[in-house]
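Dear colleague,

I am handing over the structure below, with the findings set out after it. Please read them with the structure open beside you.

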Amino acid sequence: MAKDLKLIEQCEDKARSWMSPSFDEETRLAVKNMIEATDKSCLIDSFYKDLEFGTGGLRGIMGAGSNRMNIYTVGMATQGFANYLKRNFKEREQISVVVCHDCRNNSRLFAETVANIFSANDIKVFLFEDLRPTPECSFAIRNLRAQAGVNITASHNPREYNGYKAYWEDGAQVLAPHDKGIIEEVNKVRVEDVKFEGKKELIQIIGEDIDKLFLDAVKTVSIDPAVIKNQHDLKIVYTPLHGAGRVMIPRALRSWGFDNIHCVEEQMVKDGNFPTVDRPNPEIAEALTLGLRDAKKIDADILMASDPDADRVGMACKNSNGEWVLINGNQTCLIFLWYILTNRKAMGLLKPTDFIVKTIVTTEVIRKIAEKQHVEMRDCYTGFKWIAREVALSEGKQDYIGGGEESYGFMAESFCRDKDAVSACCLLAEICSYAKDHGKTLYDIVMDIYMEYGFSYEYTINVERPGKTGADEIQQMMQNFRTKAPKELGDSKIAIWKDYQTLEAIKADGTKEKIDMPETSNVLQWFCEDGNKVSVRPSGTEPKIKFYLEIKENMTSPNDYNNCVSHAKEKIEAIKKSLNLN
């Protein structure tokens, strides 16, 4: 009780500092109401800490408070970022940045706030005229030779969230040493230090000029234009879920040669309240409800959905019984990389210098495909900044031809350095055309992959724990897994236990090996003797801890698929029990 009272007292002290004239009247009133409220939970969640500017930027619930997304937390982040840029590029006559945003409530306000602050610090700003996809932001940074960029987006988070992604001059989200350097500068800034009054002459509005260049670049991702010509009337249903893909993805599909595109009308409306979905997340089945309605109505070949900032794509297709099924993120990544490797080889385009990348929590079936095709496959941490790092490390020496993660993100190119639903949707339509050219569906392609490389069933468990108490609980869960590591998961004995915080791999016999990664990360992995894999990590962008399960089964024919899934689900229940997740 004393601890709670002390926390309330600390939050009230911090909140009172937000009652100064440095803050607008609306903010001061909201803070006053929190202080005077009998229930202090809102006060605590809004002020128990500062919204942390992490290695990827900011993400949080919108509202008044130091732990909320608002013009002041955005402003302090931007002022710190500007200070770092001026220190790091002091020899440049003119530093420039790109500023982009998605469809969320306050996204335009935050983007204009960012533009004003950069310009007030004598930094030239290329500000998009309206919402644009995340990959186009990355592309613009590289194309305009800017030194950095900011994208205002909370990706697929619930409607009350917004975020701030910081990019470096290579078009990728910031990595070491710049991430730590920016964080240090941001942490020095007070609200009184922020230069909110912009210089209009340093803000240049961009739009169609970059759109055309981006779409031209996206078109180069196509591997086999002939199958598109054969299947130009492929029936495609697409939904942007109210977000930034609404214009660019249909345009991109048409530029590739597809002319039978049906967009979900209700979800083509730009709206940060996301009125037609509970969560604008293409990996959640509910988000595809209206898309499936339209797909069934026109007997479509494929349904695609992009998230609000159009960097991830979800999809559905018909199975062998003609029933619509969702293709999960691991299967999506699998399909992309299988097609890129298989078709590049068939067309004589595959080179010894080519390489692909996946994240450590993504299906291991990809490794088997790469081994069979004699192509290098690299593992990296979750997040596309790590995939972009691999591209940068090999620039001029090896050729990146694709990489992805289980959470529906894929990047088939190097002209931008973040996941890209624009090129992914187009490539997906090409793969669907390839399948149809061979008398198959995308579902048949997945079955073919399992038959050749082995069946794998992936399942993600998200344990949400919001607020301060939730953050503490997540931290304790990770600590418990480290100090009381399981010996078995279900009936599967653990062969190797990897701890990316210590960068050690421990075998069942107790021997240890070092893990070769660029830095430590709060991730644990258990590899079982039967091929099963379990990974656990706290989310870097949401108040949750995530468990990634990969289950192996013996599949002798496509008819075994449903039985394999059933057996895998039984194993998952046993693993959940082992981890006390029931």
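Throughout, contact means heavy atoms within 4.5 Å, helices (H or I, at least four residues) and strands (E, at least two) are DSSP runs numbered from the N terminus, and axes are lines fitted to C-alpha atoms, for helices over the stretch in contact, with angles running from 0 to 180 degrees between N-to-C directions. This is a predicted model, in which local features need pLDDT of at least 70 and side-chain atom pairs count only at pLDDT 80 or more, while totals for chains, interfaces and linings use all residues. Residues are numbered from 1 along each chain as its sequence is written, and side-chain values use heavy atoms, with hydrogens and water left out.

On those terms, helix α11 (residues 289-298) lies across β7 (236-239), β8, β9, β10 and β11, and runs at about 165° to β7. These strands make up an open sheet of 5 strands in the order β8-β7-β9-β10-β11, with mixed pairing, where two strands pair if DSSP finds at least two bridges between them. Its edge strands, each pairing on one side only, are β8 (261-263) and β11 (324-327), and the twist from one strand to the next averages 25°. Within the sheet, β9 (residues 302-306) and β10 (residues 313-318) are antiparallel over 4 bridges, with Ser306 opposite Val313 in β10. A further helix, α12 (residues 329-346), lies across β10 and β11 at about 80° to β11.

Turning to the interior, a nonpolar core is a set of buried Ala, Val, Leu, Ile, Met, Phe, Trp, Tyr and Cys residues joined through side-chain atoms within 4.5 Å, buried being under 20% relative accessible area, exposed over 50% and partly exposed in between (1.4 Å probe, protein chains only). The largest core has 107 residues, of which Met304, Leu427, Leu442, Trp526, Phe547 and Leu579 touch the most other members. Helix α15 (residues 421-437) supplies the largest share of this core, 12 residues. Apart from it lies another core, of 34 residues, including Val99 and Ile183.

Finally, the structure holds 49 salt bridges, each a side-chain nitrogen of Lys or Arg within 4 Å of a carboxyl oxygen of Asp or Glu. Arg132 and Glu136 form one, with the closest N and O atoms 3.9 Å apart; Arg132 is buried at 7% relative accessibility, and Glu136 is buried at 0%. In the bridge between Lys440 and Asp448 the closest N and O atoms are 2.6 Å apart, and here Lys440 is partly exposed at 33%, as is Asp448 at 29%.

With best regards
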